[in-house]
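Open the model in your viewer and keep the selection panel at hand.

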Amino acid sequence: MELTNYLYLAVVLFALGATTVLLRRNTIVVFMGIELMLNATNLALVTFARMHGDITGQVLAFFVMVVAAAEVVVGLAIIVTIFRARRSASVDDVNLLKS
Amino acid sequence: MTVSGGETVLFWVLAPLMVIAAAGLLVVRRAVHAAVCVVFVMISLAVLYVAQEAPFLGVVQVVVYTGAVMMLFLFVLMLVGVDAADSLTETIRGQRWIGLLLGAGLASVLCGVIAQSTFPPPQGLAEANAVTNPVALARVVMEHYVVAMEVVGILLVTAALAGLVLTHRRRIGNKPTQRALAEAKIAAVPTGRHLSPLPAPGVYAQNNAMDTPALDHTGRPLEHSVPRVLRIRGQQREAAELLTAEQTLVHRELEGPDDPVPSVGPDSSEGETR
Amino acid sequence: MTTQTLSLAPWLVATPLIGAALLLLVGRRSDRWGHWLGVLASTATFVIGLVILLDMLGVDAEQRVATSSVGTWIDAGAFTVDLGFQLDPLSMTFVMLVSFVGTLIHVYSVAYMSHDRDRRRFFAYLNLFVAAMLLLVLADNYLLLFVGWEGVGLASYLLIGFWDHKLPNAVAGKKAFLMNRVGDMGLIVAMMLMLATFGALDFGTVLGSAEAADQGITTAIGLMLLLAACGKSAQLPLQAWLGDAMAGPTPVSALIHAATMVTAGVYLLVRSGPLLEAAPDAQLVVAIVGALTLLFGAIVGCAKDDIKKALAASTMSQIGYMMLAAGLGPVGYAFAIFHLVTHGFFKAGLFLGAGSVMHAMDDDVDMRRFGGLARLLPVTAITMGLGWLAILGVPPFSGFYSKDKIIETAFVGEGWQPWVFGTAALLGAGITAYYMSRLFFMTFAGRRRWLIGEGAEARHPHESPALMIWPMIILAVGSVGLGFALNAGDRFVHWLEPVTGHAEHEEPVLPIWLIVSLTLLLVVVGAAIAFRQYAVAKVPTTPPPAPALVRAARVDLHQDDVNETLVMRPGQYLTRSMVFADRTAVDAGWLGLAGGVGRLGSWLRGWQSGYARQYAAITLGGLGVIVLVIWLVATAG
């Protein structure tokens, strides 16, 4: 089996995550889509590390994980705050950015 | 380096399942189900990491993502409300088709890139992992990425503080005293507030009694005795149907099948249901 | 001269400047003692000047020219300008004139302005003027001179409009300021030409290399310097502001608009002597302007009933004499400065006398309402009388020595020039005698016309206080003796020689005794006519009907009409059409562009739905496009 299969898998997962962001309205599910995209990236990084025999790719994936953890904390806190204020978890309800 | 047969099998088993689970994110209505799908994808990824000579990352994936991040998601879901199912009807015109098209387009473009690119022969990490994978990782991190490591540490602390600050709720009025609470309760009586505790739901041996409403002194079922969540989900039972079943059962055991079933009404069921 | 003396030079400027700064910055708290601080600063300046002068007198003539630099002011590669001071007989003459007369007028003002709420501010401006004037005459380069030039312009503007709550005064200040700007443009252009031609602005370089320069360039520079001098010295065609400048307090008229600032143009031309000598055409124009102005001022002076405006016209005329002398070349420079000094004394004295008369007459300036004041204001009458005799050129008073020299020099030369300039100077002397006698007789002789008409009972003319009297007396002494003292043995001419150069004495086209006799004859005739008309005959209290020339002279020979027709109206039309063009073309264009951008923005704003998911879709689409492009480029390359 070629290692590129892992890359294809990563691409498909990434695209599915992106589509989730575009289609789902529940903020939490949208956030899960983002996490999925990050994970797909990590898979690609790990695969590249193996492909090139360089462990730095895994280090990078490790950093992505840490940053993602921080991001989740802040993101979910924001979601909770918005939910408290508006009693809604729908991204479409937060549309004050329009003209 | 060659990929072992075992890994090939593992990949072809896991990859389709992962794709299906990820696609589930698009179609399931409840956020909890979506969370379960993501957890599945993440654990599978952990397995793939281990297979890809990254055992440390595999463990971290399970601990951080599945263990911490997804649990956090579930906590927030509980805060926000597990019961609310997400409507899948699209409200922004054309968004669904645009989204699907863009997702597919992105996937195909990236796949095209991968297909077109020529990769070097895979090296494998046997050499790098000779001192075991965590030690090798630690050497790279501590030799070349010390500053990044420290910065990320600061980021984590900051994020934790941010979580505290963002979810902190500032008290805008005085803390209510017991006296004030009591007075507010009394004042709300004319609008239908009960001074006494809510009636407990009916208790019947045959069923999960939480979903059965209690009856008042006239034998009328009391809707608010059933927990709110069950009511919203539409899982409460009608008192009448239960009583009928109960009386049928009792009657059959005591007297025999011929006796007529007494009608359940406000007058006749008093006392028996409490 | 010793280095200690040289190092004193900057203090000549700094002392009054510090005085002005203190008075302006300390504010109302210094109202009670501020005027004495002003007097002190001015006196200190005079003392410093005196020390330098005595030192300069102690050395040989060749060593009397020196420069003292405080440091580099502008350093721009090859072009540097020093903050340098030029000490030589010419600048020291001015320093003494400015600081001595200035100090006297400071003292005079203490009493004259005693009832003014803003006396402290007045003294601050006076000190500022003294500082700027000294900077003007002490600068060793044209750029620093220009700073002083603008400084005196500023002080003049502030002091003309000192009572700016009265609209005519404010307008007069503005008029002086604007007309001076025209002259300043001349100085700026002259400096640009110098910079382009000589690459420097200091007197040494510019004047040293003027002879070798192209005559077209020097002519242009000379004419531009003349324009500057015309603006500052109220010469034709920029003379119109001086009459209105009399709106300022009388001490200001005496110091700035008679004795010192208005003579700065003469200083500029004499200082730039070598440049003008390299440009004979420009020199001729200077002489013509001088001759025309001296007649113009004299004619206007004959018809003015306002005592200060008559004196202003006289000032214009006398400066015309100086300009004429400056236009005659090295032979005339010394006499121009000589007349400038004596004129500074007697004209300042006359103005202070006029101030004293106004003080007695409740600030009335109409000479037709004066008359018979000699008995009531004896000191004023005597001091003004001495000044009057001096300006007439009656021997042995100061004016005789200085003005006669100029008339004699005007007759020197070849061709038509000596005859024209000489005749003009001669005629001017006669007319001067007429209008100055008219002024004197209308004020001090004849009936007491101030007893006629309304408010006569309230008038009690009285002599001015001692603080005003003494400066007048000292100036009168100068009017009497200065000319003789300086002329003895051509002392003043030799004193200036290090700067103006030695000029060989040339014989005029007419014998000197004839010129002197003719001058005196004309003076006597002019004074006699004035005596008959204004001392013997009855003077009407309102201007009688008169021939066209007199009517024209009463309105300054229509100078304002000429300016308005030739400059103001076309200028206004030009600005109006430019405003119109600006509104309709430029503004409309840019506003249209701005409006277009705004409308485009509003249209684009319609695309903003506010839905984060739509924005994410756009972002993702962009990402896809970028990846696609990179991919295509990479595969194509």
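Select B:Gln52 and A:Thr47: their side chains make a polar contact at 2.9 Å. Bear in mind that this is a predicted model.

From chain A, the residues it touches include A:Leu3, A:Tyr6, A:Leu43, A:Val46 and A:Gln58. From chain B, look for B:Glu7 and B:Leu125, leaving aside residues up to four places away in sequence.

Is B:Gln52 buried or exposed? B:Gln52 counts as buried, because its relative accessibility is 0% and the cut-off for buried is under 20%.

Next, colour chain B by secondary structure. B:Gln52 is found in the loop between helix H2 (31-51) and helix H3 (55-80). Chain B has 9 helices and 2 strands in total. Follow the chain along its sequence: the order is α-α-α-α-α-α-α-β-β-α-α.

Switch to a surface view of chain B. Its accessible surface comes to about 17,100 Å², with 65% belonging to carbon and sulfur atoms. Of its 274 residues, 32% count as buried. Among contacts between residues at least 6 apart in sequence, 52% join residues at least 24 apart.

Last stop: chain C. Select strand E1 (residues 66-76) and strand E2 (residues 79-87), which pair in the antiparallel sense over 8 bridges. Pick C:Ser69, then find C:Gly84, its bridge partner in E2(C). The two strands form a hairpin with 2 residues between them. Finish in the turn at C:Gly77, where phi is positive, about 65°.

Terms used: Residues are numbered from 1 along each chain as its sequence is written. Chains are lettered from A and ligands numbered from 1 in the order in which they are written. This is a predicted model: local features need pLDDT of at least 70, side-chain atom pairs count only at pLDDT 80 or more; totals for chains, interfaces and linings use all residues. Side-chain values use heavy atoms; hydrogens and water are left out. Helices (H or I, at least four residues) and strands (E, at least two) are DSSP runs, numbered from the N terminus. Buried means under 20% relative accessible area, exposed over 50%, partly exposed in between (1.4 Å probe, protein chains only). Contact means heavy atoms within 4.5 Å. Accessible areas come from the Shrake-Rupley method with a 1.4 Å probe; for residues, only the protein chains shown count as cover. Two strands pair if DSSP finds at least two bridges between them. A polar contact is a pair of N or O atoms within 3.5 Å; within protein, one must be able to donate a hydrogen and the other to accept it, and residues adjacent in sequence count only if both atoms are side-chain atoms.
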